[in-house]
Amino acid sequence: QNAFPMADDSYGSLNPAIERQKFLSLQAPKGSSFFETPAVVEDIDSPPSEDVTWKTILSYVPGVIFACFAVIFGVGQTVFLKRVGDALPIFPYLFFWSTALVFVFVFMTFLLGTVLFTRQIKKKDWRFPQYKLMVIGGLTALNGAFMLFSNPHVPGVLQALLGPSVVTIPLSMVFCAILLRARYSILQIAAVLVIILGVITALIPTFTGGGGVVSGWTSLLWALCFLCGSIPLTLCSVYEEKIFHSGVTLNMNFLMAFASFYQFLAILLLFPLNIIPGFGASAPRTILSHQYEGLKCIARIPTAICPQCDCDNAWWILICFIVAYVGTNYAILGVIKSGGGAQLAFVVSTLVLPLSEFAFASPLMGSDRESITIYTFVSLIIILVGIILERFMEWYKSRSAKKRQAKVAKGEM
């Protein structure tokens, strides 16, 4: 779940997902190929021309198509993340490093294509401090560690409500206020409090057992562990804002390739997590053989140490997750490159939340089908209201700032 900067003195939106889309738009503007780096930075929030023609309307079609794919892939990523955890419940670390290794291969392939077939990789890209990409890779690895180890223990409908697209918004307010000295209006704070209320509502069944959810401290701790995965992801967003706020651009494929490479290295260093009693799933002496047994299961060879594993279906579920993850990243990039911008990307990220909830409760889940309780439904409504209010306040604040800048430029202030 990359997983992926802000404009005025308060650093703009509270939603790292939206800020990542703005950042991506600086790296690959409308009309460029997937291998290109921009020569000019565009203003993605500029208002559309008043002269609306059929040509103008048709120009939005590619963005809408990419947005539809982004929604489909985004929902698929959320659903298949949970399904991998159900199919391989005692192999979270195997899921962790194996998918990261595939992502390194995919993004390095795109980087190789950029180097071989274009001249878009500049000297400034190679001179970009690698330690900054190491920090980004390390923080995204920590994000994955919290979420993937808790994944088998947290229901899918709860994962969608506690995931990064929701939790990073209040966390961003806290970290930006502390680290970047950001300032927020009362309505922005109110929007975040509404989101927090929705998250608390989603956690009520883990206290009470309402709606058929297994309650108890263990369930609550796993849910909080999953929620805590958003902390390093939010710190990563704030860190990206700090290093890219000055207008520095970096080739998109260069960034994703090296960030994923350092993420993989960080994951290898996190192997002790897999031997922590009650958190990991193997003993120190059997960690390698444990990974081998997991690989056998993916290869459709039943393993005696995990009779509950779904070795018949784990391989294709894992592939679907990888395709959905990569597809989400490049579909969102396509939204921005085709002119959709951060506004349409926000619509995509907002739609993924309720659609993921309904997907977990749909007959398509088969025996893994979950139920939507009254707590889930109420929480979903509260969170969506909070997200929409936050985004409206961000739009209004940005619009007001541009009007002030325009007046200053004209000498009216």
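**Notes on the model**

1. Gly 163 touches Phe 226 and Ser 230, when residues up to four places away in sequence are not counted; contact here means heavy atoms within 4.5 Å. The model is predicted, and local features need pLDDT of at least 70, side-chain atom pairs count only at pLDDT 80 or more, and totals for chains, interfaces and linings use all residues. Residues are numbered from 1 along each chain as its sequence is written, and side-chain values use heavy atoms, with hydrogens and water left out.

2. Gly 163 lies in the loop between α7 (156–162) and α8 (164–179), helices being DSSP runs of H or I with at least four residues and strands being runs of E with at least two, numbered from the N terminus. Gly 163 is buried, its relative accessible area being 5%; buried stands for under 20% relative accessible area, exposed for over 50% and partly exposed for what lies in between, with a 1.4 Å probe and protein chains only. The C-alpha atoms of Gly 163 and Val 199 are separated by 10.0 Å, although these residues are 36 residues apart along the chain.

3. The axes of α10 (residues 217–228) and α11 (residues 230–244) come within 5 Å and cross at roughly 10 degrees, where axes are lines fitted to C-alpha atoms, for helices over the stretch in contact, and angles run from 0 to 180 degrees between N-to-C directions. Therefore α10 is roughly parallel to α11, given that angles under 35 degrees count as roughly parallel, over 145 as roughly antiparallel, 65 to 115 as roughly perpendicular and the rest as oblique. Phe 226, Leu 227 and Cys 228 of α10 make the contact with Ser 230, Ile 231 and Pro 232 of α11.

4. For helix α4 (residues 92–117) and helix α14 (residues 314–337), the axes come within 11 Å and cross at roughly 45 degrees, which means that α4 is oblique to α14. On the α4 side the residues in contact are Phe 95, Thr 99, Val 102, Phe 103, Val 106, Phe 107 and Phe 110, and they meet Leu 318, Phe 321, Ile 322, Tyr 325, Val 326 and Tyr 330 in α14.

5. As for the whole protein, there are 16 helices and zero strands, and 53% of the 413 residues count as buried.
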